[in-house]
Amino acid sequence: MPIQKDSPERPAKDSPASAGEFRVIGVPRRRVDARAKVTGQTRFADDIFLPRIAHCKLLRSPHPHARIRKIDTSRALAHPGVYLVLTGKDLPIEYGILPVSQDEQALCLDHVRHVGDPIAAVIAREELTAFEALDLIDVDYEILATISDPEEALATPEPRIHEYGEEGNIHKRVALEFGDVEKSFAEADEIFEDIFFYQGSTHLPIEQHAAVAIKDPEGKLTIWSSTQTPHYLHRALAKVLQMPPAHIRVSATPNGGGFGGKSDPFNHEIVVAKAALLLDRPVKICLTREEVFYCHRGRHPVLMKFKTGVKKDGAITGMHLQTLIDGGGYGSYGVASTFYTGALQTTTYHIPRYRFEGCRTFTNKPPCGPKRGHGTVQPRFGQEVQLDKIAEKLKIDPADLRLRIVESPNTVTANYLRLSTVNLSECIRRVVKTSDWKEKFRKLPEGRGVGLACSAYLTGAGLAIYWNKMPQSGVQLKLDRGGGVAIFCGATEIGQGSDDVLAGIVAEVLGIDTFDIRLFTGDTDLGPVDLGSYSSRVTIMAGNAALQAAERARELLAEAVAIRLEVPKERLRFAEKSVFDSAAPEKRVPFHEAVCLAEARFGTIGTVGSYTPPKSPALYKGGGVGPSPTYSYTAAVIEVAVNPLTGWITVPKIWIAHDIGRPLNPPLVRGQVEGSVYMGLGEALMEEQEFRRLPKKLSHALVHKFPSMLEYKSPTSLDMPEVVTELVEEPDPRGPFGAKEVGQGPLLPIMPAVANAVYDAIGVRIDEVPITPEKIVKALAEKRAGRDPRYGPSHFPHVDWPEALRVPPPWEGGDGNAVNDVPRHSKPRPEKEKVLSS
Amino acid sequence: MITLPVASQKTSHVRMTLNGEQVDVSFAPYKTLLEVLREDLGHTGTKHGCELGECGACAVLLDGKPVLSCLVLGVECDSRNVLTVEGLGLEGTLHPLQDAFADLGAAQCGYCTPAILVTAKSLLDQHPHATRDQIRAALSGVLCRCTGYLQIFEAVESAMVKIAQQNGSAR
């Protein structure tokens, strides 16, 4: 399929598609870093061993909520083999991923907010020695009342977990209204009100977080760390260590899985950096698995209330969504997460009027943050399960209902998200066909069922974490006389194949092999800034930057080769490691000679590319969360078998179709789809970041129920069902070669599709995730007793919502601004920038 | 002056065969095979995800059988034969399993890959015609958080065919 020619970023004549078929893009290829991975040579952070290296361990709070009265480190410091002990006094400056929530200290100065909050660090010659010395640190705590969940947080304003935030233990409340939703309910034939709960879960990367810091020979700081966001870590280090950023180098080592869990700047990274500077020797930390559970930043537990009005034919007249979010002990990405719980409802189905209210509270648990699908996963579960209920009540097949209401491409939604290509209908049709849906839905024997659900996801967040006008990704290329090409870019390889995306795009444009390319990525000293591997942004942002840099390099080479071959440069093709005349392919020069010709003509050959997402029409406050250059779409059908006695669920097969735009490297795309299905299935059926209170006679403290991989259940190879993956290809004009995201979107439909399938199988609604045998048995008991055959929350606590910002939707004359707020463009910016630079 | 901590005292010594090569190594007696491999023998190809025997990332072959190297003490390995991912390929060529994993998307982040590779090798050594269910069962002790396992199964099956062809042509 040809690339659409209306890309605003790129004139059509330069479109790579005009060169004909692709030799690299879309061809199944060995990824560039595959050899390193299968030989065990990929150097993860903990694989770095340096001469004179010292090891760091952190003392963590055993209490969920306490004041620190006194810390005495003298015994630890006297322990043989201990070099240094640090406490909060040594690193007092607060930091955090978002400018609006700079609420973390590398080591807690006087207030601990969850079990596992770090208080002190020991740096010693041996890791075991550092570990032993932790026991020799004496801490005097004043125990404070524990806030264990959002309802308790709302009811318990004191003691405050943080002094900032809205009030009491409420971190953030938001309210937005796009059109008069009450009026839309009055126009509806049916109103549906449902409450859902989505339990928290954690990323569980197999690699534990690790970092190594050195004071380099020039006296500057270098840190290697398993981080998804070296640029944001760079900023946090400069702030906390009070060092010029130019004296700090952050090198993201390949991550052994991230999934969002390595996207915050972490206390342990700051601690080893400080220790290396003080000791003038390399300092390493590798977290234990238990500590990884305390780092968390995982899926927020969210209670949701959906009120949706529909016409008899299924058309949605309006939706009102409320979310109550358990943030844990710190801000992390939480303000963004809060907005995300209300952002993407409008991207899948046409919702003419929409109201959203969200509230995030602090609790004394490890902080929640971004996990694959960040903030959009929980409400997607509620929305898709409710749609299943709506379809049943209206007696419309759930697939047909969705096909009637799918949002159109190139639309601006009620909340001002600009959609590009939308192939959700095709995704639905594909899974309906491949799964034989029409023959199965409501037709399988008791105990077996099928469920369908859909979703959308961002292809890169439209705005950076901190406000700025610079590109969100940059790429530099260096072409050398031997024909080698080096790519320098801040993009971070977390296993998803970000290096291969860059190499594939550059190789395609320059007509070379991906293995002729060297990559220098994820390093703040070596490459231009890329914001990091989050929000499914690397392919579109770093990819477009790489495309621009490669096209500029091709232009230089073409000009020099055209003179040598005496052909118009428009006729030149770049392929097979050569540059040749497309009219007479025997007239050619090898690629390395083309570089030499260009270098002789223009001097050293290096080009740059950058990418800035298009401006969003959402001008209202809060409109910065949700916009994306384009959105991916997914539909899934899941078959389940449920044992009515034990409630045990098995999933024999899943059919999934994903609107990818164009797959750059098909096996990697399929891997992202299946990996998302896998992770979604874990969340649907078993994964829980759960807490319990110790008995009153003990401390009554709130502790993690099972901070271990044995007890935190995740699917094994025995649990993975057969998956039929289909890719729907319509190149998106905004993506490099038309590519959209794939790393997160395919996770979203899995949980609701399982819930819908369970209903089809045994006629009970599990309005809660995970869907465990215990809940099924309870719901079946309700059904047998003649009560509502359902398991799930029944009550949404009272929240004092602020007055909603009223933003009329585009079709009601809106311009993207709130009518009851100062128009955004006339607001002064300096105040915000001051916060950022502080 | 800092006195020598107990943890530094390398009082245990073993001689073992590591990837076909005889090695002598001294280490502190509490160390696991995982720690001896990574810290004392510089073989960092073997990974760790929990050091409690839960994730399987540290699997190596001990006398041909997969074991979790975090649960084996270094002192148990005297006169034993240890195979890690570094010993999988031969003289600069990749093992068919490594080739298949690289080509078929079976390694994403690559962190569990060394453990899965050696475990799969052990399976194929014993069952050159393993079924999908045997592969599933054999690999169930190693958690992979990236792939959803399916491309791993396919890579093992693809390697199995290639190994059978190689053995056929060698005869």
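Which residues of H3(B) are buried? In this predicted model, the buried residues of H3(B) are B:Thr113, B:Pro114, B:Ala115, B:Ile116, B:Leu117, B:Val118, B:Thr119, B:Ala120, B:Lys121, B:Leu123 and B:Leu124. The helix is thus mostly covered, with eleven of its 14 residues buried. H3(B) spans residues 113–126. From the first C-alpha to the last it reaches 20 Å, close to the 20 Å expected at 1.5 Å a residue.

Chain B is assigned two domains. Domain 1 covers 6–87 and domain 2 covers 96–170. Their centres, taken over C-alpha atoms, are separated by 23 Å. In the contact between them, 16 residues of domain 1 of chain B meet twelve residues of domain 2 of chain B. On the domain 1 side, strand E3 (59–62) and strand E4 (65–68) of chain B each supply at least two residues. E3(B) gives the most to this side, with three residues. By class, the domain 1 side that touches domain 2 holds nine nonpolar, five polar and two charged residues.

The contact between the chains draws 45 residues from chain A and 44 residues from chain B. Three helices of chain A give two or more residues each to the side that touches chain B: H1 (34–38), H3 (127–134) and H17 (666–685). H17(A) provides the largest share, eight residues. The chain A side comprises 18 nonpolar, 17 polar and ten charged residues.

The largest nonpolar core has 295 residues. Those with the most contacts inside this core are A:Ile487, A:Val506, A:Ala546, A:Val754 and A:Val758. Helix H15 (residues 538–565) of chain A contributes the largest share of the core, 16 residues. What does A:Val758 touch, not counting residues up to four places away in sequence? Its partners are A:Gly449, A:Val640, A:Val642, A:Ile649, A:Val764, A:Ile766, A:Ile771 and A:Ile776.

Chain A also contains an open sheet of seven strands. The strand order is E30-E8-E13-E14-E15-E7-E32, with mixed pairing. Strand E30 (768–769) and strand E32 (805–806) of chain A stand at the edges. Each has a single partner strand, so one side of each is left without a neighbour in the sheet. Strand E8 (residues 190–198) and strand E13 (residues 302–310) of chain A pair in the antiparallel sense over nine bridges. In this pairing, A:Phe197 stands opposite A:Leu303 in E13(A).

Five of the six residues of E9(A) are buried, so the strand is largely enclosed by the rest of the structure. E9(A) pairs with strand E12 (residues 283–286) of chain A through four bridges, and the two run antiparallel. E9(A) also runs antiparallel to strand E10 (residues 221–225) of chain A, joined by five bridges. A:Ala211 takes part in both pairings. This residue stands opposite A:Ile285 in E12(A) and opposite A:Ser225 in E10(A). The hairpin of E9(A) and E10(A) has five residues between the strands. In this hairpin, A:Gly219 takes a positive phi near 90°.

Conventions
Residues are numbered from 1 along each chain as its sequence is written. Chains are lettered from A and ligands numbered from 1 in the order in which they are written. This is a predicted model: local features need pLDDT of at least 70, side-chain atom pairs count only at pLDDT 80 or more; totals for chains, interfaces and linings use all residues. Domain bounds come from an automatic or database domain assignment. Two residues are in contact if their C-beta atoms, placed from the backbone, lie within 7 Å. Ala, Val, Leu, Ile, Met, Phe, Trp, Tyr, Cys and Pro count as nonpolar, Asp, Glu, Lys and Arg as charged, and the others, Gly among them, as polar. A nonpolar core is a set of buried Ala, Val, Leu, Ile, Met, Phe, Trp, Tyr and Cys residues joined through C-beta atoms within 7 Å. A residue is buried if 20 or more other C-beta atoms lie within 10 Å of its own, exposed if 12 or fewer, and partly exposed in between; C-beta atoms are placed from the backbone. Two strands pair if DSSP finds at least two bridges between them. The expected span of a helix is 1.5 Å times one less than its number of residues.
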